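Please consult the sequence and the structure shown here alongside the text.

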Amino acid sequence: MFGRGVVRTGDGFGLTPGGAARVRAASDYVAKHRGGERFRVVFSGGWPEASTGEAPPPVGAREGDLMLRAAHAAGLGEHADLYAETRSRSTLENLLHTKEDGLLSGYAFDARTPLGLVTHDWHLPRVRFLAGRVLGLTGAALLDVPAYGGEVHDDRGALLLARLGFLGVRADRLLHRERGMVAAGQLARRVINGRPGYRRRTVEQQ
């Protein structure tokens, strides 16, 4: 399951409405399909630094932490083994760190036993594309588990950027390429927004 950011609350941090909707989607899916082999649910998310430039929340208050607590509160742990990955700063990192941390170990995903992708329908095309690059899984080896509710986002630009930016890039260089793309995007936003200090530094450097 993919995080959708965190928000400050009166006593700390909480999930965004979109993040809470994704927890509900995972819980509803497990409740509907339980009865055989026990599920494994991975809540992947640190904070959306790549897209928003936000600083990390405190340890214990990141997307994966909050989703895991919400899932336990909903009783999901009675029917599934729950894990959290809390280092990720982007959708690509969600997949990379979940794989690196061995959270998918022991599973062979195919059309009969697909990997479930819990996120909003507008996010799923990019998740599927990146899952193909990181995990080598495509088509029926991936199962869409869409969430409903919370923020609506147009992800088409991010999908196009991923397809173009990662074109021809080896799997082991995807993260390096993404960090370069993020840095370029942040620089562009500073130029567009006319952030104080940027033009002055540019003139001084010339």
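## Strand E5 and its partner

In this predicted model, strand E5 (residues 115–120) is largely enclosed by the rest of the structure, because five of its six residues are buried. E5 is joined to strand E6 (residues 142–147) by six bridges, and the two strands run parallel.

## Helices H4 and H7

Helix H4 (residues 91–100) packs against helix H7 (residues 174–193) at an angle of about 155°, and their axes lie 11 Å apart. Angles over 145 degrees count as roughly antiparallel; H4 and H7 are therefore roughly antiparallel to each other. Their crossing is left-handed.

On the H4 side, the contact involves Leu 92, Glu 93 and Leu 96, while H7 contributes Leu 174, Leu 175, Glu 178 and Arg 179. By class, the residues of this contact comprise four nonpolar, no polar and three charged.

## Helices H4 and H5

H4 also packs with H5, at an angle of about 40° and with the axes 10 Å apart. This angle makes H4 oblique to H5. The crossing of H4 past H5 is right-handed.

Thr 91, Leu 92, Leu 95, Leu 96 and Lys 99 of H4 meet Arg 126, Val 127, Leu 130, Ala 131, Val 134 and Leu 135 of H5.

## Helices H5 and H6

Helix H5 (residues 124–135) packs with helix H6 (residues 156–165) at an angle of about 20°, their axes being 9 Å apart. Since angles under 35 degrees count as roughly parallel, H5 is roughly parallel to H6. H5 passes H6 in a left-handed crossing.

The contact is formed by Pro 125, Arg 126 and Phe 129 of H5 together with Ala 158, Leu 159, Ala 162 and Arg 163 of H6. Five nonpolar, no polar and two charged residues make up the contact of H5 with H6.

Key
Residues numbered from 1 in each chain as written. Predicted model: local features only at pLDDT ≥ 70, side-chain atom pairs only at ≥ 80, totals over all residues. Heavy atoms only, no water. Axes fitted to C-alpha atoms, helices over the stretch in contact; angles between N-to-C directions. Helix = DSSP H or I, 4+ residues; strand = E, 2+ residues; numbered from the N terminus. Parallel < 35°, antiparallel > 145°, perpendicular 65-115°, else oblique. Left-handed = near helix turned anticlockwise from the far one by under 90°. Contact = heavy atoms within 4.5 Å. Nonpolar A, V, L, I, M, F, W, Y, C, P; charged D, E, K, R; others polar. Buried < 20%, exposed > 50% of the residue type's maximum accessible area, 1.4 Å probe, protein only. Pairing = 2+ DSSP bridges.
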